[in-house]
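Let's take a walk through a protein together, from its surface to its inside. Have the sequence and the 3D view ready, and look up each residue as we come to it.

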Amino acid sequence: MDICLLVHTCDSYERYWPGMLFSLDFNWDFSIPVYWASEEISIHKHPITSRGLEYKPNTTIKQIFTGKTDRNGFSNRMKIALEKIPHKWVIYIQEDMWLLSKLPQDLLSKLVLFSDIKKVDSIKIHTKLSYYY
């Protein structure tokens, strides 16, 4: 299955990184590659702490640098990150939307198969919200 996870962030949201990194450690199956797209700060070289404890990011997370932009450069940074990912399917998540539980083991395989058969270009996975039908 040609799929990966992209965590998209900007350096000024670094305060959310520990939560995302911990949620990945607890809830992500790292047999699916993870890419971390930030502007200039490396999660592997920059100390990350939470409640006074230093966090050591999973070394299999691949770092992508998108470069600094102004506050309106979100889409440009996302495009740069996507161009550097060699996978057909990308699960996209932002650094402040942490995984609260593990995904069922076969869910991603079924979603990719569905996407291929139905020729869809995206699927949104989220908690069912009362206002979203």
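## A walk from the surface inwards

Lys119 is exposed, with a relative accessible area of 71%; here exposed means over 50% relative accessible area, buried means under 20%, and partly exposed lies in between (1.4 Å probe, protein chains only). This is a predicted model, in which local features need pLDDT of at least 70, side-chain atom pairs count only at pLDDT 80 or more, and totals for chains, interfaces and linings use all residues. Residues are numbered from 1 along each chain as its sequence is written, and side-chain values use heavy atoms, with hydrogens and water left out.

Lys119 sits in the segment after H3. Lys119 is not a glycine, yet its phi is positive, about 60 degrees. Most residues other than glycine have a negative phi.

### A covered helix and the core

Is helix H1 mostly covered or mostly open? Helix H1 (residues 17-27) is mostly covered, with 8 of its 11 residues buried. Among the buried ones are Trp17, Met20, Leu21 and Leu24. The cover over the buried residues of H1 includes E1, strand E2 (34-38), strand E3 (48-50), strand E4 (53-55) and E6.

The largest one has 21 residues, of which Leu5, Val7, Leu21, Leu24, Trp28 and Trp36 touch the most other members. E1, H1, E2, E6 and H3 each give two or more residues to this core, and H1 provides the largest share, 4 residues. A second, separate core has 7 residues, including Tyr35, Ala37, Ala81 and Ile85.

Contact here means heavy atoms within 4.5 Å. Ile61 lies in the loop between E4 and strand E5 (62-65) and is buried, with a relative accessible area of 3%. Leaving aside neighbours within four places in sequence, Ile61 is in contact with Leu21, Leu24, Phe30, Val34, Trp36, Ile43 and His44.

Beyond its neighbours within four places in sequence, Asn58 is in contact with Asp25, Phe30 and His44. Tyr13, in the loop between E1 and H1, is partly exposed, with a relative accessible area of 33%. Not counting residues up to four places away in sequence, Tyr13 touches Glu95 and Asp96.

The table pairs residues that are apart in sequence with their C-alpha separations.

| Pair | Apart in sequence | C-alpha to C-alpha |
|---|---|---|
| Ile61 and Ile32 | 29 residues | 10 Å |
| Asn58 and Phe30 | 28 residues | 9.2 Å |
| Tyr13 and Asp96 | 83 residues | 8.2 Å |

How many disulfides does a search of the whole structure find? The search finds 0 disulfides, a disulfide being a pair of cysteine sulfur atoms within 2.5 Å. Cys4 is in no disulfide, because the sulfur of Cys10 is 20 Å from the closest cysteine sulfur, in Cys4, too far for a bond. Both count as buried: Cys4 at 0% relative accessibility and Cys10 at 13%.

### Pockets

A pocket is an open set of points on a 1 Å grid over the protein atoms alone, where a 1.4 Å probe fits, with protein on both sides within 12 Å along at least five of seven lines; lining residues have an atom within 4 Å of a point. The largest pocket holds about 1100 Å³ of space. Of its 31 lining residues, the closest to the centre are Ile91, Tyr92, Lys124, Ile125 and His126. E6 gives the most to this lining, with 6 residues.

The second largest pocket holds about 280 Å³ of space. It is lined by 14 residues, and those closest to its centre are Asp29, Ile32, Leu103, Gln105 and Leu108.

Terms used
Points joined across faces, edges and corners; volume = space filled by probe spheres on them. Core = buried A, V, L, I, M, F, W, Y, C linked by side-chain atoms within 4.5 Å.
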